[in-house]
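This briefing is meant to be read alongside the sequence and the structure. The points that follow are grouped by topic, beginning with a single residue and its surroundings.

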Amino acid sequence: MRLDGHGPAKVPMWKDPMSPSKWKEEHFVLASLSMWGSIIYGGYSFFAGGKKEDKPEVAPAQAA
């Protein structure tokens with residue numbers, strides 16, 4: 001654990017997940033980027049994910 005000299009000590013996000021103000025800066029950045037990435041991907045898949053290719057079904061070959 002590193003002390004900055006000003007303010008409280010910073011901890012990894014998994015040690016205190018409910019207090020983002022105590023997280024180390026790099027852990028806060030990773031959590032923020034993950035959140036924004038999931039929001040953008042979720043929005044994209046919600047609005048554009050419904051378009052699927054319709055493939056014609058092929059009738060099975062009949063035995064002679």
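This is a predicted model: local features need pLDDT of at least 70, side-chain atom pairs count only at pLDDT 80 or more; totals for chains, interfaces and linings use all residues.

## A tryptophan and its surroundings

When neighbours within four places in sequence are left aside, W23 is in contact with K10, V11, P12, M13, D16, P17, F28 and A31. W23 itself is found in the segment before helix 1, which spans 25-48.

**Around W23**

- W23 counts as buried because its relative accessibility is 11%, and the cut-off for that class is under 20%.
- Among the contacts of W23 is V11, and although W23 and V11 are 12 residues apart in sequence, their C-alpha atoms are 5.1 Å apart in space.
- D16 is also in contact with W23, and the backbone oxygen of D16 lies 2.8 Å from a polar atom of the W23 side chain.

**Charged side chains**

- The side chain of D16 also meets the side chain of K22 in a salt bridge, with a distance of 3.7 Å from N to O.
- A search of the whole structure finds 1 salt bridge.
- K22 has a relative accessible area of 38% and is therefore partly exposed, since that class lies between 20% and 50%.

**Aromatic pairs**

- How many aromatic pairs does the structure hold? The count comes to 2 aromatic pairs.
- In one of them, the rings of W23 and F28 have their centres 6.3 Å apart and their planes at 55°, so this pair is described as tilted.
- F28 has a relative accessibility of 39% and therefore counts as partly exposed, whereas W23, at 11%, counts as buried.
- F46 and F47 also form an aromatic pair, which is edge-to-face, with 5.0 Å from centre to centre and 80° between the planes.
- Are F46 and F47 buried or exposed? Both of these residues are exposed.

**Helix 1 and two of its residues**

- The chain contains 1 helix and 0 strands.
- H27 lies in helix 1, and with a relative accessible area of 13% it is buried, because the class takes in values under 20%.
- A polar atom of the S38 side chain lies 2.8 Å from the backbone oxygen of M35.

**The annotated segment**

- In an unreviewed entry, UniProt lists residues 28-47 under "transmembrane region".

**The chain as a whole**

- How much of the chain counts as buried? Of its 64 residues, 8% fall into that class, with W23 and H27 among the buried residues described above.
- The chain exposes about 6300 Å², and carbon and sulfur atoms supply 63% of that area.

How values were computed
Residues are numbered from 1 along each chain as its sequence is written. Side-chain values use heavy atoms; hydrogens and water are left out. UniProt positions are given in the numbering used here, feature names are shortened, and annotations may be inferred rather than shown by experiment. Helices (H or I, at least four residues) and strands (E, at least two) are DSSP runs, numbered from the N terminus. Buried means under 20% relative accessible area, exposed over 50%, partly exposed in between (1.4 Å probe, protein chains only). Accessible areas come from the Shrake-Rupley method with a 1.4 Å probe; for residues, only the protein chains shown count as cover. Rings of Phe, Tyr and Trp (its six-membered ring) pair if their centres lie within 6.5 Å; planes under 30 degrees apart count as stacked, over 60 as edge-to-face and the rest as tilted. Contact means heavy atoms within 4.5 Å. A polar contact is a pair of N or O atoms within 3.5 Å; within protein, one must be able to donate a hydrogen and the other to accept it, and residues adjacent in sequence count only if both atoms are side-chain atoms. A salt bridge is a side-chain nitrogen of Lys or Arg within 4 Å of a carboxyl oxygen of Asp or Glu.
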